[in-house]
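This briefing is intended to be read alongside the sequence and the three-dimensional structure.

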Amino acid sequence: MAADMGDARPPLLRMEGISKRFGGVRALEEAELTVRAGRIHAVLGENGAGKSTLIKILAGVISPDEGRMLLDGGEVSFASPAEANRAGIVCIFQELSLIPDLSVADNIALFDPPRRFGLIDRRAQRRIAEEALARAGAPDIHPMALVKDLPLSRRQMVEIAKSLARQPRILILDEATSALTAADVAKVFSVLKRLRSEGLALLYISHRMHEIAELADECTVFRNGRNVASYPAGTKTDNEVVELMIGREYKHVFPPKPVSPPAARPVLECRNLSWSERLRDISFSVRQGEVVGLGGLDGQGQRELLLALFGVLRGCGGKVLVNGKPVALSSPGQAKADGIGMALIPEDRKTEGLMLPMSVRENLSFASLDRVSRHGLIDRAAEDRQIEEMVRLLAIRAGSLDMPVGGLSGGNQQKVVIAKWLMRAPRIILLNDPTRGIDVGTKQEIYQLLRRLADAGAAILFYSTDYDELIGCCDRVLVLYDGMIKRELVGKEITEHALIATALNISGEQAA
Amino acid sequence: MTGDWRYRLARNRGTLLAFGIFLAMFTIYVLNHPAGFTANVVQTATNKGVLLAFVAMAQALVVITAGIDLSVGMIFILTNCLASWIVVGTPLQTALGVAGVLAAGLACGALNGAIVIYGRLQPIVATIATGAIYFGIALWLRPYPGGSVNEGLADALTGKLFGIVPASLAVLAGAVLIVWAPFSRSVLGRAAYAAGSAEPAGYMSGIPIRPAKFMAYALGGLLASIGGLFLTFFTYTGEAAFASGNAYTLFSIAAVVLGGVSLYGGTGSGVGAIFGALAFRTIGDLLFVFDLDPLWQPLFQGVVLLVAVSLGAFGLLRVRSRLEWFR
């Protein structure tokens with residue numbers, strides 16, 4: 001087998017004694033990594049463990065302070081991503097690198113477009129794009145479509161096709177599946193396995209344990225800027241791996257659920273809600289103290305449902321009732337108002353949740369400006385009081401409240417988004433995949449927080465792409481398929497099997 | 001918490017840098033001025049600088065929301081022409097006239113805001129169009145240079161308070177206190193920064209993004225009209241000068257950048273824009289004290305402007321992640 005021969009050959013890439021410091025923070029300290037051809041190497045670690053820094057060094061985005069990189073036994077250093085590309089190292093970053101206003105084909109051929117007489121040969125470019133899309137297992141994406149018109153999961157497939165068009169020797173996937181639907185993940189996995197058999201080295205960074213179990217040959221765990229363990233995949237249990245990652249014993253990820261579902265009155269009710277073709281005849285209710293999950297494949301209308309409830313979508317049919325009274329909300333401003341008390345933790349914290357260059361303080365008070373101001377002028381003292389309470393409650397780790405929120409780690413940024421809304425003490429909390437791309441420790445804190453909020457009387461509607469979260473956190477789960485509620489799972493019925501079977505629109509009996 | 005000051009400094013780096021550049025240039029200017037540092041020299045310099053300072057502050061308000069106002073110079077010219085008709089007569093008539101001019105400026109800014117925000121047009125195109133309209137009205141008001149102004153008021157506001165402080169500087173400080181300070185500490189002001197920084201995030205937070213942008217354009221018109229009033233006080237006449245209007249528009253953009261306001265929106269301050277404008281004006285005055293041929297002025301001004309704006313880019317040399325070059 002190709003994988004076995006890989007051990008005999010010298011490593012394709014070795015990173016030795018890599019250190020990197022950002023201001024006073026050591027991001028990497030004497031880190032090592034060995035990558036072999038024809039293997040899939042998983043890199044694990046909490047956010048802030050140094051994985052992203054390592055990847056950025058490898059991809060030529062930043063230079064290490066110390067240490068050296070050996071490619072095929074020869075020392076290399078990259079001054080730019082273009083140089084790393086030329087050496088055959090291609091990275092698919094967590095933050096998409098696509099240009100939204102260009103077509104899929106333009107994006108795929110962006111790095112080195114085919115030229116005739118110095119001008120871009122559009123026909124050849126389209127051919128390259130079609131080949132790359134087919135190789136990435138997404139031949140259904142039209143090469144002439146504009147990237148900005150594609151949903152997030154399709155964009156991620158374009159990103160993968162783009163990287164393949166560059167003929168990489170080492171392909172780095174940084175959380176590349178976090179936006180994908182289950183069907184796409186399966187396709188991507190078969191592509192990655194084929195690339196492995198073709199002799200590529202793959203570096204795979206993911207927070208999803210079952211993906212790593214399925215895919216990886218070797219694993220390296222990072223903690224606090226050091227590689228703490230390397231082992232062949234499958235030789236450690238999930239719990240052991242998580243303990244390595246967080247450096248402490250791992251238990252009680254999810255807080256206990258109440259034994260019997262609360263019999264309180266419904267706070268939020270939806271009757272025959274519909275919106276264009278994306279939401280069809282949705283009816284459900286969320287009671288006080290309840291955590292209701294939204295499941296299903298990505299892009300089945302979950303995001304639209306949350307936006308519709310929050311007053312963002314125009315032309316919705318059906319009725320929404322809050323505390324038994326019909327409401328017609330036409331903006332987030334109305335949805336958050338005192339009589340309604342709704343909050344939406346958005347999907348993309350970088351565009352919809354935070355103003356990255358603005359300070360932590362300003363970001364925290366954005367949703368509550370009406371509460372900390374008088375006659376339109378902001379009362380800084382009142383603002384600070386409320387903010388400090390929130391920073392304490394959510395244990396937000398920020399060097400200073402005046403620092404730009406973009407300087408915080410992903411987990412702390414997400415806490416700021418949540419805290420910003422908790423400052424209003426909302427009674428209806430809508431969450432759109434709030435734990436995507438954040439570390440295990442912060443995820444746990446968010447799970448505990450959600451249950452505490454529910455116990456304190458909030459009604460919570462929680463969309464997650466992570467089945468484990470739906471199983472662990474929710475009292476009920478509504479599984480959406482093609483804009484409709486396909487099935488409601490209650491209590492013990494919420495299992496991975498039921499969730500997946502319903503999400504794929506196959507009945508549980510057939511799948512079993 | 002420790003380190004707060006460091007971030008506050010970083011936040012106001014553009015404003016402080018603009019102040020530094022202005023101070024350095026003004027010091028060179030005064031040291032080489034034949035009369036030295038006297039109240040008269042300061043008064044003359046201030047009177048030259050305040051016109052652009054008002055227009056630049058107007059531009060800064062709009063640029064902070066990631067917009068741009070290319071009609072700001074034409075509002076300045078239009079209000080000058082209007083003032084040369086109505087800021088005359090008895091004190092009461094004069095006061096009404098001043099109020100009328102300010103209201104006209106506010107209305108022009110509000111029209112810009114309404115078109116950009118509620119008509120959803122690109123600010124560049126919308127304000128080129130409205131700028132042409134404002135100039136057309138100015139031309140209709142003053143086909144030929146002329147008119148007059150209440151000279152008592154004009155002399156008072158272009159003279160010195162207590163024989164020391166230039167009155168125009170006091171009015172500029174007043175505009176900062178009455179317009180900029182409340183704006184920057186208000187919900188609308190913070191929403192304006194949010195609009196320039198990440199508009200979807202602001203909207204999803206349920207803050208008044210559109211009223212904030214509207215307010216920025218409207219207050220911009222108001223500030224430009226204060227500039228127009230002062231132009232009338234200095235010249236005693238009104239003139240629909242097309243070249244001058246365009247120059248003020250372009251200079252206001254140079255001044256806000258020099259003043260540390262990012263054209264991408266979300267950062268900078270109106271105070272920085274004022275120092276940017278004063279520094280920009282001092283560049284022209286340096287020619288005078290060094291006795292250079294006035295023909296060199298545009299070239300000299302361009303070179304000094306490039307050098308000054310580059311100072312703000314020095315931070316990029318220290319960047320650790322190359323991605324930050326593009327922010």
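Helices α3(B) and α12(B) are oblique to each other, because their axes cross at roughly 140 degrees and an angle counts as roughly antiparallel only over 145 degrees. The model is predicted.

**Helix pair α3 and α12 of chain B**

- Helix α3 spans residues 39–64 of chain B and helix α12 spans residues 270–289 of chain B; their axes come within 7 Å.
- The crossing of α3(B) and α12(B) is right-handed.
- On the α3(B) side, the residues that meet α12(B) include B:Ala45, B:Gly49, B:Leu52, B:Ala53, B:Ala56 and B:Ala60.
- On the α12(B) side, the residues that meet α3(B) include B:Gly270, B:Ala273, B:Gly276, B:Ala277 and B:Phe280.
- Residues with charged side chains also take part, among them B:Lys48 in α3(B) and B:Arg281 and B:Asp285 in α12(B).
- Sorted by class, the contact of α3(B) with α12(B) comprises 12 nonpolar, 4 polar and 3 charged residues.

**Helix pair α5 and α10 of chain B**

- Helix α5 (residues 91–118) of chain B packs with helix α10 (residues 209–235) of chain B at an angle of about 145 degrees, and their axes are 7 Å apart.
- The crossing in which α5(B) passes α10(B) is right-handed.
- The contact of α5(B) with α10(B) is made up of 17 nonpolar, 8 polar and 2 charged residues.

**Contact between chains A and B**

- In this interface, 29 residues of chain B are in contact with 34 residues of chain A.
- Two elements of chain B, α1 (4–11) and α9 (187–204), each give two or more residues to the side that touches chain A.
- Helix α9(B) supplies the largest share of that side, with 12 residues.
- The side of chain B that touches chain A has 14 nonpolar, 9 polar and 6 charged residues.

- Strand β3 (residues 40–44) of chain A runs parallel to β11(A), and 4 bridges join the two.
- A:Cys219 in β11(A) is the bridge partner of A:Ala42.

**Positive phi values in chain A**

- Most residues other than glycine have a negative phi.
- A:Gln167, which is not a glycine, has a positive phi of about 55 degrees.
- A:Gln167 lies in the loop between α6 (152–164) and β9 (170–174) of chain A.
- Because 11 other C-beta atoms lie within 10 Å, A:Gln167 is exposed; the cut-off for this class is 12 or fewer.
- A:Asn224, also a residue other than glycine, has a positive phi near 50 degrees.
- The loop between β11 (218–223) and β12 (226–232) of chain A holds A:Asn224.
- A:Asn224 has 15 other C-beta atoms within 10 Å and is therefore partly exposed.

Key: Residues numbered from 1 in each chain as written. Chains lettered and ligands numbered in written order. Predicted model: local features only at pLDDT ≥ 70, side-chain atom pairs only at ≥ 80, totals over all residues. Axes fitted to C-alpha atoms, helices over the stretch in contact; angles between N-to-C directions. Left-handed = near helix turned anticlockwise from the far one by under 90°. Parallel < 35°, antiparallel > 145°, perpendicular 65-115°, else oblique. Contact = placed C-beta atoms within 7 Å. Buried ≥ 20, exposed ≤ 12 C-beta atoms within 10 Å, placed from the backbone. Pairing = 2+ DSSP bridges.
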